[in-house]
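Student: I would like to go through this structure term by term and check each word against its cut-off. Can we start with the ligand?

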Amino acid sequence: MSARTGATPGDRTEGRIVFDQVTKTFPRQGKRDEPTSALRGVSLDVAPGTIFGVIGYSGAGKSTLIRMVNGIERPTAGHVVVDGVDVGALRGSALRTAQKRTGMIFQQFNLLETVRVRDNVAMPLRLDGVGARTARARAEEVLDFVGLGAKAGSFAGELSGGQKQRVGIARALVRNPRILLSDEATSALDPTTTAQIIDLLRSINTEYGTTILVVTHEMDVIKDLAHEVAVMADGEIVEQGTVLDTFLHPRSPVTRDFVTTVVPQGLPDRVVEHLGGDGLWRLLLVDDEVTQPLLSGLITEIGVSVNMLHADMTEIQDHTVGQMIIKVTGPEERVAAARAYLEQRVVHVEEVAR
Ligand SMILES: Nc1ncnc2c1ncn2[C@@H]1O[C@H](COP(=O)(O)OP(=O)(O)OP(=O)(O)O)[C@@H](O)[C@H]1O
Ligand SMILES: [Mg+2]
């Protein structure tokens, strides 16, 4: 995958994040509460230089998971190994040193509104004891990279949401981290601004080989940004794989629900009811399959009638993915021949269930 070519060769642990059977239980808050199991035996291996997405509904444990990578939360059991170091075991200055190797961006940006943009970005360096002039020069360099050089002297409170997130990204990058963590960084932004921020994150990954761990509840973000995805529910990883494969073959019901938000999977019940069972199929097509003369082939070569009910197309990780829902009618054995014809030519054929 071209986006991975920026990964640093050689050191296999730099930028790598490993979760090994990680459990997190929060103690009960009040007398009537039960302890909360936010993570239950989570194992993940995020390869250096990849963009890894974790998707799940509210409360699934996404923030708890990502906060372990920079040691803001500690596992109750298991290990989180970042750059070859067990972060949960670190304390004091060793922990602070490890934290400098990751940058984090947030849904609400977390900027100081009455402080100038350049000083917001320079803040981590100032906290590290870097001199004001050097820190500001580095801040301006990163602001140029995120396309906000012209706003360095503005107050953070004067910027739009999309601009604030660019500042948040600049601040996260100012220490030149190997790993960037993103907790719902685009959830407060409109679709156009979201797309721009996604482009920026992709260019950080390609240009610097930065590992990016993204947690989100938006499947669109996964589709446009991530190479690999893990689906979380109730503190567990229920499914994991490449983004394309997960879109084409979602296995668990939660994954299907998320995929449906991007690729709608069905017809209105009334239409399915009306058309009835046999020969009502949903086809998935990838890349060259999308442009084949499939339907004319079914009609002229197989001799069935075809009614096209739905078609759409999207881009997933540099692949074109098309979907069609068709109703094929004809003698039983011709309908079976049509199914065989399609199965030879498209990646996936399934009945549309009533
Ligand atoms: N500091 C805490 N103390 C007690 N319980 C917590 C704490 N942080 C999280 N939890 C609980 O852990 C579970 C997972 O929370 P988490 O914030 O990780 O979910 P999330 O997937 O990020 O949700 P959202 O999409 O709403 O941000 C929830 O049930 C939450 O109430
Ligand atoms: Mg969260």
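Student: How much of ligand 1 does the protein cover?

Tutor: The protein covers 62% of the 640 Å² of accessible area that ligand 1 has on its own. Accessible areas come from the Shrake-Rupley method with a 1.4 Å probe; for residues, only the protein chains shown count as cover.

Tutor: A word on the source. This is a predicted model, in which local features need pLDDT of at least 70 and side-chain atom pairs count only at pLDDT 80 or more, while totals for chains, interfaces and linings use all residues. Residues are numbered from 1 along each chain as its sequence is written, chains are lettered from A and ligands numbered from 1 in the order in which they are written, and side-chain values use heavy atoms, with hydrogens and water left out.

Student: Which element gives the largest share of the shell around ligand 1?

Tutor: Helix 1 does, with three residues. Helices (H or I, at least four residues) and strands (E, at least two) are DSSP runs, numbered from the N terminus. Among the residues surrounding the ligand are Phe26, Tyr57 and Lys62; a residue is near a molecule or strand if one of its heavy atoms lies within 4 Å of it.

Student: What makes strand 2 and strand 5 edge strands?

Tutor: Consider the open sheet of four strands with the order 2-1-4-5 and antiparallel pairing. Strand 2 and strand 5 (85-86) each have a single partner strand, so one side of each is left without a neighbour in the sheet.

Student: How do you know that strand 1 and strand 2 pair?

Tutor: Two strands pair if DSSP finds at least two bridges between them. Seven bridges join strand 1 (residues 17-26) to strand 2, so the pair qualifies, in the antiparallel sense. One of the bridges sets Val22 against Val42 in strand 2.

Student: What does helix 1 touch in that sheet?

Tutor: Helix 1 packs on the sheet and touches strand 1, strand 2 and strand 4 (77-82). Contact means heavy atoms within 4.5 Å. The helix direction makes about 125° with that of strand 1; axes are lines fitted to C-alpha atoms, for helices over the stretch in contact, and angles run from 0 to 180 degrees between N-to-C directions.

Student: How many bridges join strand 12 to strand 13?

Tutor: Eleven bridges join these antiparallel strands, and Thr314 has Val321 in strand 13 as its bridge partner. In their hairpin, with two residues between the strands, Gln317 takes a positive phi near 45°.
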